[in-house]
Amino acid sequence: MDNARVREQVFLTLAAVFIAALIACNLIFRKFFVWEIPVLGLIGLDPQMELSVGILAYPVTFICTDVLSEFYGRRRVSQLVTAGFFASVFVVGLVMLSNWVPAAGWSAVDDATFDLVFGIQGVAVAASMCAYLGAQYLDIRLFHYWKRRTAGRHLWLRNNASTFTSQLVDTILVTTVLSLLGASEITPERLPILIVNGVVFKWFVAVVDTPLVYGAVWFMRNRLGIEEAPADETRSRTRIF
């Protein structure tokens, strides 16, 4: 198997994981759970964090874009982010159509149950996806900015610096917009704590996944023989299509 073929197969595999995680976020976000971190209580913070289950899948998208950015460059990863946007819009359209079609009398899932689980506000999803685009493009741009500034060194810096900033922006935008549009789960009283919880969780995951990013980069470089994108590649103009 030649290197070019391996390179393309790896890109398609990670692209599939990226889009699957992105779509999952939009389908499962209405369920919330409590995550307890005892160490937070030691510093005076609430150890119980209320989080949407959508947050479990979303950090995967940033892992994928960081690893792909390292090898395939800013332009191609930006194209993937755009493709993810259209894939999400398509799935949301299918869900809304499915919600509109009346359930048969013998259907195991009736209209009310389906709407309770998958009911989607078109305006809310549109706002959420715009926040997604902004955060992902920011992540890619910052990743390559730090790669250029460090001449390709310090992967941990560009991985975490780009993710910290972009996920902060994304969490604030998405949570605030959903609250303003009347999402029943995100009341004005609960909004600040949900933002803080979301940011803390995503930053925690970003730190924890750093060894995974290093491992993936090492494997792709040394086992698969895939060459990294040069640090000065980021000087070229980003094109979406």
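Select W35 first: leaving aside residues up to four places away in sequence, W35 touches P47, Q48, M49, L51, F201 and F204. The model is predicted. W35 sits in strand β1, residues 32–36. With Q48 also selected, the C-alpha to C-alpha distance from W35 is 5.6 Å, across 13 residues of sequence. W35 has a relative accessibility of 22% and therefore counts as partly exposed, since buried means under 20%.

Next, select Y72. Y72 touches R7, V10, F11, M220, I226 and A229, again not counting residues up to four places away in sequence. Y72 also belongs to the largest nonpolar core, which has 34 residues; Y72, Y132 and M220 touch the most other members. The largest share, 13 residues, comes from α3.

Apart from that core lies another, of 6 residues; select M49, L51, F201 and V205, which are among them. Of these, M49, L51 and F201 are touched by W35.

Finally, colour by pLDDT. The mean for the protein chain is 84, and 86% of its residues reach 70 or more. End at residues 234–241, where pLDDT stays under 50. For this stretch the model has 19 contacts beyond four places in sequence.

Definitions and conventions. Residues are numbered from 1 along each chain as its sequence is written. This is a predicted model: local features need pLDDT of at least 70, side-chain atom pairs count only at pLDDT 80 or more; totals for chains, interfaces and linings use all residues. Side-chain values use heavy atoms; hydrogens and water are left out. A nonpolar core is a set of buried Ala, Val, Leu, Ile, Met, Phe, Trp, Tyr and Cys residues joined through side-chain atoms within 4.5 Å. Buried means under 20% relative accessible area, exposed over 50%, partly exposed in between (1.4 Å probe, protein chains only). Helices (H or I, at least four residues) and strands (E, at least two) are DSSP runs, numbered from the N terminus. Contact means heavy atoms within 4.5 Å. pLDDT is the predictor's confidence in each residue, from 0 to 100.
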